[in-house]
Amino acid sequence: MNKNQLYRRIPKVDSLLKEERIRTRIRSCGKEPVMKAIHEETDELRAFIEDHEEDEEAVDTRISEMIPHIEERVEKDTQMNMRPVINGTGTILHTNLGRAPLNRHQAARMADMMTGYSNLEYDLDSGKRGERYAHFEQLLKEITGAQAAMAVNNNAAAVLLVLSSLSEGGEVIVSRGELVEIGGKFRIPDVLEQSGAVLKEVGTTNKTHPEDYENAIGEHTKAILKVHTSNYSIVGFTESVGTAKLSEIAKAHDLPLIEDLGSGVFVDLSKYGLTYEPTVQDVLKEGADIVCFSGDKLLGGPQAGIILGKEAYIARMKKNPLTRALRIDKYTAGALEMVLKEYRSEPEAVEHIPVLRMITQPYETVAKEAEDLCGRLKEKDLQAEIETQESEAQIGGGSLPLERIRSRAVAIKPKEKSVSALEEAMRRLPVPIIPRVAKDQILLDARTIFPGQHALLADELKSLIGGEFQG
Ligand SMILES: *Cc1c(COP(=O)(O)O)cnc(C)c1O
């Protein structure tokens with residue numbers, strides 16, 4: 001058939017605009033994205049005809065699918081690129097999945113703050129300019145016993161600010177066993193250089209002794225830095241100098257002892273069966289003058305870099321011009337206050353902060369949740385073998401790298417699709433599901449999946465491997 005005759009079969013824009021389904025889209029999304037989708041679809045159809053001139057039937061089929069295609073295009077175009085996903089990986093602080101989630105109640109209160117004005121830097125008592133740290137500084141002091149506190153954009157920024165404020169132009173002593181790379185280009189030696197300080201390495205990779213620090217102190221020394229080796233572990237013939245001993249050395253030479261704690265935890269996790277991780281409170285008690293850590297690792301809050309310690313040092317940081325470039329934004333300041341409030345009572349914190357809840361949840365509870373999810377999937381008659389099995393969750397985010405938390409997962413062995421094809425399809429769902437992929441099965445770890453997501457997860461999997469969709 002003649003190409004031009006086929007072109008004429010493509011519905012005109014005017015007639016498409018009269019279609020009820022198209023009009024519904026215009027009502028919900030506005031005319032502009034719908035018009036864009038119509039034009040794109042028409043262009044693609046013309047290209048299709050160009051290639052399939054001989055195949056009248058194929059062209060007609062393609063034309064008959066025009067409206068659903070337009071709907072799909074509008075859907076894709078108006079959907080946000082960043083969107084919620086279901087974390088089935090069992091990694092609680094998954095940096096690629098945004099680390100710590102807030103709970104619904106916390107998020108709902110944030111909505112008020114985000115859609116209106118706030119007293120971010122306005123002191124309601126005096127009616128004058130206030131500090132954005134004022135909203136959470138007192139809380140941090142109460143929880144940790146620190147003299148003063150502030151927060152910046154993230155912990156990388158905190159380390160940079162601390163070093164730049166306390167040691168620019170001088171030397172900072174760091175153990176060779178603590179010259180770590182955290183990931184995303186954050187390496188302690190590079191950050192030190194960036195801050196304008198000179199790195200003075202002491203000790204060896206596996207062992208550093210108190211004398212190593214003492215012998216390195218000279219007239220140019222400005223600080224001692226201790227870095228928590230969050231994301232790896234040296235085992236065997238090892239020795240490092242603890243905070244208490246380092247604090248003695250620092251005091252004797254009138255130097256600040258700075259600790260980059262990485263994760264920063266307020267709750268003693270050993271009470272819940274995990275390895276003891278020094279809490280912020282303990283480290284301050286042992287004599288660290290300044291500590292800094294992330295807001296969105298074990299603390300379970302928003303992305304932030306929290307800095308605590310001696311008032312005189314914190315005052316220098318607040319005055320540093322870098323602070324303006326690294327400052328915490330207003331949403332974060334609000335979210336941080338909200339999460340910190342939970343820590344005034346440990347049981348509340350463990351109950352209300354999703355990260356702590358996931359970490360401390362007893363295995364039996366997780367196993368029940370896995371059974372619930374498994375049952376819902378079985379009800380959907382999926383083309384797959386489905387069962388629960390033992391699993392190991394992990395904390396992630398470079399925290400407690402060796403720690404494994406006993407968990408339970410739903411294992412899915414698809415019958416007609418390969419595991420990799422199913423995994424890819426799961427990533428393309430409206431609410432993408434990110435599983436852990438084992439050799440011949442997909443694992444959904446119940447520890448990181450919220451029970452409120454079970455129904456949605458089951459519906460979504462049905463759309464991929466439900467019985468009636470299989471040919
Ligand atoms: C994670 C980590 C950082 C970086 O913190 P961000 O909040 O991701 O910027 C710095 N130091 C240590 C020891 C860490 O573990």
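This report describes a sheet, a helix residue and the nonpolar cores of a predicted model.

## The seven-stranded sheet

An open sheet is built from seven strands, ordered E5-E13-E12-E11-E10-E6-E9, with mixed pairing. E5 and strand E9 (198–202) form its edges, each pairing on one side only. On average, neighbouring strands of this sheet are turned by 25° against each other, direction ignored.

Helix H9 (residues 155–167) packs on the sheet and touches E5, strand E6 (171–175), E10, E11, strand E12 (290–294) and E13. The direction of H9 makes about 160° with that of E12.

## Pairing within the sheet

Strands of a sheet pair through backbone hydrogen bonds, in either a parallel or an antiparallel way. Val-227 has Asp-260 in E11 as its bridge partner.

Strand E5 covers residues 148–152, and five of its five residues are buried. In a regular strand, side chains alternate between the two faces of the sheet. In E5, Ala-148, Met-150 and Val-152 lie on one side, while Ala-149 and Ala-151 lie on the other. Both faces of the strand are covered.

## Leu-140 in helix H8

Leu-140 belongs to helix H8 (residues 134–144). Its relative accessibility is 0%, so Leu-140 counts as buried. Leaving out residues up to four places away in sequence, Leu-140 touches Gly-145, Ala-149, Phe-266, Ile-306, Leu-308 and Leu-340.

Ile-182 is 42 residues from Leu-140 in sequence, and the two C-alpha atoms are 25 Å apart in space.

## Nonpolar cores

The largest nonpolar core holds 88 residues, and Ile-307, Leu-308, Met-317 and Tyr-343 have the most contacts inside it. Helix H9 gives the most to this core, with eight residues. The core lies between domain 2 (86–95 + 359–465) and domain 3 (104–352), because both give residues to it.

What is Met-317 in contact with, leaving aside its neighbours within four places in sequence? The residues are Met-150, Leu-161, Val-162, Ser-165, Leu-166, Ile-290, Ile-307 and Thr-323.

Methods:
Residues numbered from 1 in each chain as written. Predicted model: local features only at pLDDT ≥ 70, side-chain atom pairs only at ≥ 80, totals over all residues. Heavy atoms only, no water. Buried < 20%, exposed > 50% of the residue type's maximum accessible area, 1.4 Å probe, protein only. Helix = DSSP H or I, 4+ residues; strand = E, 2+ residues; numbered from the N terminus. Pairing = 2+ DSSP bridges. Axes fitted to C-alpha atoms, helices over the stretch in contact; angles between N-to-C directions. Contact = heavy atoms within 4.5 Å. Core = buried A, V, L, I, M, F, W, Y, C linked by side-chain atoms within 4.5 Å. Domains from an automatic or database assignment.
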